[in-house]
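Student: I am new to this structure and would like to learn how its descriptions are reached. Could we go through it together, term by term?

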Amino acid sequence: MTSSFRAPLLRLAPQLIALAAILLLNFIMFPQFFHLEIQNGRLYGSLIDVLNRGAPVALLAIGMTLVIATKGIDLSVGAVIAICGAVAASSIVAGNSVGYTLVLALGTGLLCGIWNGFLVAVLDIQPIIATLVLMVAGRGIAQLVTEGIIMTFNNEGFIFFGSGSILGLPMPVVIWILAGIVITLLVRRTALGMLVEAIGINRRASTLSGIQTPILLMAVYALSGLCASIAGIIVAADIKGADANNAGLWLELDAILAVVVGGNSLLGGRFSIVGSLLGAMIIQSVNTGILLSGFPPEFNLVIKAVIVIIILVIQSPALKSVGVFFSRRPERQLDVPKPEIQREAAK
Amino acid sequence: MAHDFENILAASDFCKYFPGSTALDHVNFSLRRGEVHALLGENGAGKSTLIKCMTGAYRPDAGTLVLDGAEINPHDTLAAQKLGIGTVYQEVNLLPNLSVAENLFLGRQPRQFGLVSTRKMNAQARALLAQYGMDIDVGRQLDRFSVAIQQVIAIARAVDLSGKVLILDEPTASLDTQEVAMLFGIIRDLKKRGLGIIFITHFLEQVFEISDRITVLRNGKLVGTRDRAGLERQGLIEMMLGRELAAVEAEERQTQDTAGPVKYRFQNFGKRGKIKPFDLDVRAGEVVGVAGLLGSGRTETAEVLFGVEHADSGEATVDGQPLALSSPRAAIKGGFGFCPEDRKTDGIIGDLSIRENIVVALQARRGWARPLSRSEQNSIADRYIKALDIRTTDREKPIRLLSGGNQQKAILARWLATNPSFLILDEPTRGIDVGAHAEIIHLIEDLCKQGMSLIVISSELDELVAYSTRVIVLRDREHIAELTGADISANRIIESIAGTSSKKEDA
C-alpha cells in the first residue's frame, strides 16, 4: 500500500517543492501569511484566500488536464465561463429557482464542450483551431444572453456558491476540491484514465485496439465544458452578476499554465489531475504573494512570468540532461590510454 | 604501438556498461580498407552500442579506437564525422522539407559574397550524385523521392563529409529487391574507392551477397569474425543464436489439411480505390498467407477485413451469420484481431507500460466502466510476458524501450488477451531479429493448431510457404491467385506475382 502512494508523491515532488517554496517566500515577505482566524463560522486568512481565489483556475485545470492528455487543448474555457455566467445571471434575474438555474448553466457548459468535442473528434479539426471558434464567439454569445448589459442580482441562494461556506471553508474551495476528487476517482477507478492516455500517445493505435476514440474525445471536451460552467457559476455568484466581457478573461491561459506547471506534457499522454491542481495553487500563491508584497501593480505580470519560467526550467528534461552531463564529468578523467592489444590482427 | 596498415579502423577491448547491464564486454572489432564488414547479432546483442561507441554517440568505458593508425577519442558524432567516420541510419535522418542539394550541403553551403549560392550548390550536388550514377533534379524537395534515393543521398552526404569509414545501419530494411540491388552497386563502388564499410542488417541473404567478413556479437560479447567465403548459412545462424538452429529454416513444409469447415466467408468484399472486391473463405485452424509486392494491396486487404477501411461492397459472414465490419471495434467484437505492419505508428502506444499495452484491447472491449483490476492486469501481462518470452526487466517499463521483436510480441499478446478467433498479422516478422523471428513463426503455428484462423501477410516467401495452408497472391490491388497444397512454393508465388503462370481464378 505504501509503495502505491510513494510513486505519485515522487512524481509530484517538484510541484510540492515549488508550492512550499512560494508559500515560504510569501511568509517571509508577509509574516501574517499563515495566520488563520474564524469569523462568523468561516475561516479567514491569506492561505484560505489562495484556495478561494484559485477556484476558477483549479476547476478549469481539471478539465484541461484531460483535454491535454488527449493531445488536445481547450482555448474556449474562459469564454464558456462568460456564457454560463450570463445564462445563470439571466435565469436568476428572470426569477427562476436556483436549482433550475444551476441545471441550465451546467447544461450550457456541457453543450459548449460537446460542440468542441464534435469539431475535434468528428470533423477532425485541430483542437487549437476548433476551440478558438468558441473562444472568439463565446463572449459575443454571452453578450447576446445579457443583452449587452452587466446583469446584477441579489439572490441569496445563488450567491451562496460564491461567498457561502461549509464547515468553515468557502464554498468555491469545497466545490473545486470535491470536483477534483470526484473526477480523479472517475478516471482512475475506471479505465477512463488509461484509455485517455492511450489516445493522447497514439490515436491511431488506440483506434485499432478498439478504443472508441471519437466518443472518448467528445466526453473529455464535454467534461472540460462542464468544469468551465462550474467555474462560471462561482464567478457569477461571487460578483453577484454577469460580466460578458471580463468574466473568465484569459483564464484559459492560466489553466493551461496550471496543467503545465503541474508537470503534464502538452504532447499528451500521462497526466495527473492532482499535479494540475497543485499547479493552479502555485499560480494563485504567486498572484496573492505579489498583491500582498505591495509591489506596484505594473510589476505583477513580470514577476509572475519570472517565477513561472523558474518553475518550468526546473522541470525541463533539458536541465536533467545538463545535470547528468555535469555529474558525468569526473568519469572522463578515467580515460587513461591503455596499451594497444592487437588481438584481432593476429587472427 | 604497431602501425597497422591493413586496418582502417580498429576497436580493441571495448567495454560499455549501462546501469544493470553490460552492453559491451571486451569486444574487438577491425575494419579493413575496401571491405564490407557485416555486423550481426540479435537485438540487444550490442551491435548498436558498438556502432555508437565508434561514432562518438557513446563513450566506451574502456578500450581504444584506432583510425588510420592514430588513436582517436571522438566525443560526439560530429567529431567522428570530421575524423572520417560517417553513419547512415535506417530511418534516413535528413530533412524531408529541404531540397536534395540543401540536404547534401547543409551547414557547408557554398557561398558567394557571403550569401548561399543556390546555383553553385546545385551544380556541386549534381556532380556529387553523378559519382553514384544518379541524375535527379537536386532542387526538388527530398521527400518527393523514394526511400531508396533518399538512402543514396544520405550515403553521398556521409561519404562526402567523412570519406574513410561508412557505417550503414539497416539501410535495406524498407527497400524492395531492385532498390537493394542498386544500393549494393553503390556499396561495391565505394568499396573499390577504398572505404571501409560496416553493414548492419537482419537479412542473411544480403549478408552473404555483399560482405567480405562477418562479425557476430551475442549478449555484448564477440562471438567471432569470419571470412564470408567458407561460412555456411547454418553455421552463421548458429553463431548468432548460440543454440540449435531455429526450426524455421530446417523444418519441412507440412500442410495440415485437417482444417475444419469454412468459418469466415467474405464475398465480393472490397473498397473502391483500395482493393478490388475479392472472395475469401477462411476455415477454423488454418493459416491463409497473403503474398504480393509492396503496394499490391496487401495491407489494404487487411484493413478492409478489420474494418479500418469500411468495405463498400460485399458482405462478411461468420458461421453463416452476417457480420458488419464497420470499424475496428466492430471487428474486435466479432473476435477479430489485427497486428498492423507499422508497429511504431499503428501498433505500440509508446509511453504506456508493457502491461497497459497488453491489456488495452481487452479493456477497450470491456468498456471504460468495467475496469480490469490492477491484479488482473498484472496477471494477464505476466502470463503473456512469460508465454511469449517478452524480454524485459519489468512489466511497468514503457513499451517504446523494448526492442522491435519484443514490441511485436507484446502487440500479439494484446490480441491474444482478447481471446480472438480470427487474427490478421501484417508483416509480423519485419525488422525483428532471427531469434524472435523463429519464435513468432512457432507461435503462428501453435495458434493455428489451437483452432484459430489466421491471415498472415508477409514479404518473406519462405516463411509464408512454411506455415500457410493456402496462399493468396495479390497484384495491382487485386487478388489474382490462390495457391493450395503442393502448389505452395516460393517459386510458384513469384511466378504468380510476375504473372508468368496461367491465372487461376480460385473459388
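This is a predicted model: local features need pLDDT of at least 70, side-chain atom pairs count only at pLDDT 80 or more; totals for chains, interfaces and linings use all residues.

Student: What makes two residues count as being in contact?

Tutor: Their C-beta atoms, placed from the backbone, must lie within 7 Å.

Student: How many helices and strands does chain A have?

Tutor: Chain A has 17 helices and 6 strands. These are DSSP runs numbered from the N terminus (helices: H or I, at least four residues; strands: E, at least two).

Student: Why are α3(A) and α14(A) called oblique to each other?

Tutor: The axes of α3 (residues 46–53) and α14 (residues 273–293) of chain A come within 9 Å and cross at roughly 125°. Such axes are lines fitted to C-alpha atoms, for helices over the stretch in contact, with angles from 0 to 180 degrees between N-to-C directions. Angles under 35 degrees count as roughly parallel, over 145 as roughly antiparallel, 65 to 115 as roughly perpendicular and the rest as oblique. The pair α3(A) and α14(A) is therefore oblique.

Student: Which residues meet there?

Tutor: From α3(A) come Ser46(A), Asp49(A), Val50(A) and Arg53(A), and their partners in α14(A) are Met281(A), Gln284(A), Ser285(A), Thr288(A) and Leu292(A). This contact of α3(A) with α14(A) has 3 nonpolar, 4 polar and 2 charged residues.

Student: What about α4(A) and α13(A)?

Tutor: Their axes come within 8 Å and cross at roughly 65°. By class, the contact of α4(A) with α13(A) has 11 nonpolar, 1 polar and 2 charged residues. Among the residues of α4(A) that take part are Leu60(A) and Met64(A), while those of α13(A) include Ala255(A) and Val259(A).

**Buried or exposed?**

Student: What makes α13(A) a mostly covered helix?

Tutor: In α13 (residues 251–261) of chain A, 10 of its 11 residues are buried. A residue is buried if 20 or more other C-beta atoms lie within 10 Å of its own, exposed if 12 or fewer, and partly exposed in between, with C-beta atoms placed from the backbone. The buried residues include Leu251(A), Ile256(A) and Val261(A). Their cover includes α4 (55–69), α5 (77–93), α7 (127–146), α14 and α15 (297–315) of chain A. Just after α13(A), Gly263(A) takes a positive phi of about 90°. Over chain A, 48% of the 347 residues count as buried.

Student: How do you know that Gly56(B) is buried?

Tutor: Gly56(B) has 22 other C-beta atoms within 10 Å, so the residue is buried. Gly56(B) is found in the loop between α1 (47–54) and β4 (62–67) of chain B. Not counting residues up to four places away in sequence, Gly56(B) touches Pro74(B), His75(B), Asp76(B), Thr77(B), Ala79(B) and Ala80(B).

Student: Why is His26(B) called partly exposed?

Tutor: His26(B) has 16 other C-beta atoms within 10 Å, so this residue is partly exposed. Its place is in strand β2 (residues 21–32) of chain B, and its phi is near 50°, a positive value in a residue other than glycine.

Student: And is Asn268(B) buried or exposed?

Tutor: With 12 other C-beta atoms within 10 Å, Asn268(B) is exposed. Asn268(B) lies in strand β13 (residues 262–271) of chain B, and has a positive phi of about 55° although it is not a glycine.

Terms used: Residues are numbered from 1 along each chain as its sequence is written. Chains are lettered from A and ligands numbered from 1 in the order in which they are written. Ala, Val, Leu, Ile, Met, Phe, Trp, Tyr, Cys and Pro count as nonpolar, Asp, Glu, Lys and Arg as charged, and the others, Gly among them, as polar.
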